Amino acid sequence: MVTIKEAEMQTGITKQNIRYYEKIGLLQPSREQENKYRNYSEEDIRRLKLIVLFRKLDMPLEKIRQLLEGTIELQDALQMQKEMLVERQQKLQAAISFWEKSPKYCKRMTSFCCPFKWWIASQSC
């Protein structure tokens, strides 16, 4: 059993986030009877490390909860996450392409010099 400070050091997750994960039910550490300090088991540390792994994939906490509770299969969750990341990547690429088309010579937006004038003119109202 380790303290919250030691759990923070072992996982790289801040104490504040560890407490938050406990608050939303992703983690249930034991508590000392006398002082109510949290004690984290090896299983708690393993769960925290899994949370870190899934958050690196930008997985929502609710999906992580489902994985930890076993209500969704790992491969299904990973496939759904990949699809969501690919969709986000496509949207970001479209935004970058849009930005690259805009003229870079205007320092501010005015009616005479709008960097997106070409796009505005192409839109039908």
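Here are some notes on this predicted model, going from the overall layout to individual helices and side chains.

1. Ground rules. This is a predicted model, with local features taken at pLDDT of at least 70 and side-chain atom pairs at pLDDT 80 or more, while totals for chains, interfaces and linings use all residues. Numbering starts from 1 along each chain as its sequence is written, and side-chain values use heavy atoms, with hydrogens and water left out.

2. Overall layout. The chain has six helices and two strands, where helices (H or I, at least four residues) and strands (E, at least two) are DSSP runs numbered from the N terminus. Their order from the N terminus is α-α-β-β-α-α-α-α. Of the 125 residues, 25% count as buried; the cut-offs are under 20% relative accessible area for buried, over 50% for exposed, and partly exposed in between (1.4 Å probe, protein chains only). Taking contacts with a separation of 6 or more, 35% come from residues 24 or more positions apart, with contact meaning heavy atoms within 4.5 Å.

3. How α1 meets α2. The axes of α1 (residues 4–11) and α2 (residues 15–23) come within 9 Å and cross at roughly 105°. Axes here are lines fitted to C-alpha atoms, for helices over the stretch in contact, and angles run from 0 to 180 degrees between N-to-C directions. On the α1 side the contact uses Ile4, Lys5, Ala7, Glu8 and Thr11, and on the α2 side Lys15, Ile18 and Arg19. By class, the residues of this contact are three nonpolar, one polar and four charged. For that count, Ala, Val, Leu, Ile, Met, Phe, Trp, Tyr, Cys and Pro are nonpolar, Asp, Glu, Lys and Arg are charged, and the others, Gly among them, are polar.

4. The two sides of α1. Ile4, Ala7 and Thr11 are the buried residues of α1. They sit on the same side of the helix because they cover an arc of only 55° around the axis, the arc being that of the directions from the helix axis to the C-beta atoms. Lys5 and Met9 are exposed on the other side of α1. The cover over the buried residues of α1 includes α2, β2 (38–39) and α3. After the helix comes glycine 12, with a positive phi near 80°.

5. Glutamate 6, also in α1. This residue is found in helix α1, and glutamate 6 counts as partly exposed because its relative accessible area is 37%. Which residue is 39 places away from glutamate 6 in sequence, yet 9.8 Å away C-alpha to C-alpha? That is isoleucine 45.

6. Glutamate 43. Its place is in helix α3 (residues 42–56), and with 37% relative accessibility glutamate 43 is partly exposed. Its side chain makes a polar contact with that of arginine 46 at 2.8 Å. A polar contact is a pair of N or O atoms within 3.5 Å; within protein, one must be able to donate a hydrogen and the other to accept it, and residues adjacent in sequence count only if both atoms are side-chain atoms.

7. Aspartate 58 is in the loop between α3 and α4 and has a positive phi, near 65°, despite not being glycine. Most residues other than glycine have a negative phi. Aspartate 58 is partly exposed, at 32% relative accessibility. Glutamine 81 lies in α5 and is buried, at 6% relative accessibility. Which backbone oxygens does the glutamine 81 side chain reach? A polar atom of that side chain lies 2.8 Å from the backbone oxygen of leucine 57, and the side chain also reaches the backbone oxygen of aspartate 58 at 2.9 Å. Leaving aside residues up to four places away in sequence, glutamine 81 touches Leu57, Asp58, Met59 and Pro60.

8. Helix α4. In α4 (residues 61–69), the buried residues are Ile64, Arg65, Leu67 and Leu68. Their arc around the axis is only 165°, so they lie on the same side of α4. The buried residues of α4 pack against α3 and α5 (74–101). Just after α4, glycine 70 has a positive phi of about 80°.
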